[in-house]
Amino acid sequence: MKILPVSSEILKYLTRRNLKKKFEKQIQLLQNDLKHPSLNVELLEPHNLQLFSFRVDRKYRVIFFFNENKNAIQILRVTDHYQK
């Protein structure tokens, strides 16, 4: 699976929070196996938007979607993930 280039804003966010190395590791897993357990990929609500997330670590998640042909992934955002 191809991962499209990440925006400079996302790279700044990752750098400020010292997440770049973890993010790169998870991106490698995503490219090799979308269903890898440590990614914890989820389809987000509402389902019709077809937005997904995967785990960077326990605190951060990445929001992404598949392009039209489902042969590439576009990263939209990295967010804090607080579980209740």
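Reader: How many residues does the largest nonpolar core have, and which have the most contacts inside it?
Author: In this predicted model, the largest nonpolar core has 20 residues, and Phe54 and Ile75 have the most contacts inside it. A nonpolar core is a set of buried Ala, Val, Leu, Ile, Met, Phe, Trp, Tyr and Cys residues joined through side-chain atoms within 4.5 Å. Buried means under 20% relative accessible area, with a 1.4 Å probe and protein chains only.

Reader: Which helices and strands each supply at least two residues of this core?
Author: They are α1 (8–16), α2 (20–32), β3 (52–55), β4 (60–66) and β5 (72–80). Helices (H or I, at least four residues) and strands (E, at least two) are DSSP runs, numbered from the N terminus.

Reader: Which residues of α1 are buried?
Author: Ile10, Tyr13 and Leu14 are the buried residues of α1. Seen down the helix axis, they fall within an arc of 95 degrees (taken from the directions to the C-beta atoms), so they line one face of α1.

Reader: Turning to Ser53, is it buried or exposed?
Author: Ser53 counts as buried because its relative accessibility is 1%. Ser53 lies in strand β3, and its side chain makes a polar contact of 2.9 Å with that of Arg61. A polar contact is a pair of N or O atoms within 3.5 Å; within protein, one must be able to donate a hydrogen and the other to accept it, and residues adjacent in sequence count only if both atoms are side-chain atoms.

Reader: What rules apply to the numbering and the values?
Author: Residues are numbered from 1 along each chain as its sequence is written. Local features need pLDDT of at least 70 and side-chain atom pairs count only at pLDDT 80 or more, while totals for chains, interfaces and linings use all residues, and side-chain values use heavy atoms, leaving out hydrogens and water.

Terms used: Buried < 20%, exposed > 50% of the residue type's maximum accessible area, 1.4 Å probe, protein only.
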